[in-house]
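Subject: Structure for your files

Dear colleague,

Here is the structure I said I would pass on. My notes on it follow below.

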Amino acid sequence: MRHFLWLIDYTKEEIKEILSIGFEIKKETKAGVFKPYLKNKQLAMIFEKSSTRTRVSFEVGINQLGGNGIFLSSRDIQLGRGEPIKDTARVISSMADLVMIRTFGQERLEEFAKYSKVPVINGLTDLCHPVQLLADIMTMIEFEKFDFDKPSQTTVAYVGDGNNMANSWVVSASKLGFNLKIATPKGYEVDDFIQKKAFEFAKESKAKIEFLYDPKEAVREADVVTTDTWVSMGQEEEKEKRIKDFKGFEVDKNLMSLAKKDALFLHCLPAYRGYEVSEEVFEEHAEEIFTEAENRLHAQKGLMVWLEKQQKN
């Protein structure tokens, strides 16, 4: 049984396999070919956090693969009314072939997976967002900013909150071997546990990971620049404080000019112009950003097909 809870559980070779399948399926999709890789398979999608891209990409994805997606809001199922997670896991996994969960605490996801009879996919938790990183790596490959065989030639700069996206970039770099510079304001650093784990894996992958407080130092000569919202779901009461604390961390034209001339800019969306990214930078890199958004669909199709193959082996 293989779950997809976070990238720490995956090797570089496995991530490459998943994305290879995703690229092949994307090529077929663009040609109007829809092979029923997951014919009659049922994907249960549990949402305890709202979503645009996650819901659309998984629901469209499973349908294009010949299966069916079932949307389950915590408002509509017993999980939201106090039923133990392990009971919900046992019931749903007895009827569905795959389960995707978008929730708050990572521990909720992991408890569900512990009692599930079928693969469980992390659609986002407060700790990490691994399916987004699959899409991001796919986009970097398409724009010729990353090569699995030459990872040390890529430097990524992440500017902003040390949140689940920052955590995911750190883990990805440590596993795949590319260089990463994370710049956060003081008090908003990446989780200590994630940092420790990343340095352990980086010893093998040879990734160079730096944790900084100066966004200019992070972005200088970067091949890829990325950021995320300063105010995530559940943090609305902190908005004014965060805006003040993140002063100087907006990816604007001046900051972006420090990166390589042809640097890629990525954003997992939704983007708040005038905060973490300027309108000018966003629109200048819109093709990259919306290719990244579309790649959620293709990378996740690759993931679902890969997980199904593991079930058969």
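In what order do the four strands of the open sheet lie, and is their pairing parallel or antiparallel? The order is 2-1-3-4, and the pairing is parallel. Please keep in mind that this is a predicted model.

The edges of this sheet are strand 2 (68-73) and strand 4 (120-124). Each has a single partner strand, so one side of each is left without a neighbour in the sheet. On average, neighbouring strands of the sheet are turned by 20° against each other, direction ignored.

Strand 4 pairs with strand 3 (residues 98-102) in the parallel sense, over four bridges. Opposite Leu124 in strand 4 stands Arg102.

Two helices are worth noting here. Helix 4 (residues 106-115) packs on the sheet and touches strand 1 (42-47), strand 3 and strand 4; the direction of helix 4 makes about 165° with that of strand 4. Helix 12 (residues 286-312) lies across strand 1, strand 3 and strand 4, and runs at about 160° to strand 4.

As for the protein chain as a whole, it has twelve helices and nine strands. The C-alpha atoms fill a box of roughly 55 × 45 × 35 Å along the principal axes. Of the 313 residues, 57% count as buried. The chain exposes about 14,000 Å², with carbon and sulfur atoms supplying 48% of that area. Among contacts between residues at least 6 apart in sequence, 76% join residues at least 24 apart.

Regards

How values were computed
Residues are numbered from 1 along each chain as its sequence is written. This is a predicted model: local features need pLDDT of at least 70, side-chain atom pairs count only at pLDDT 80 or more; totals for chains, interfaces and linings use all residues. Side-chain values use heavy atoms; hydrogens and water are left out. Two strands pair if DSSP finds at least two bridges between them. Axes are lines fitted to C-alpha atoms, for helices over the stretch in contact, and angles run from 0 to 180 degrees between N-to-C directions. Contact means heavy atoms within 4.5 Å. Buried means under 20% relative accessible area, exposed over 50%, partly exposed in between (1.4 Å probe, protein chains only). Accessible areas come from the Shrake-Rupley method with a 1.4 Å probe; for residues, only the protein chains shown count as cover.
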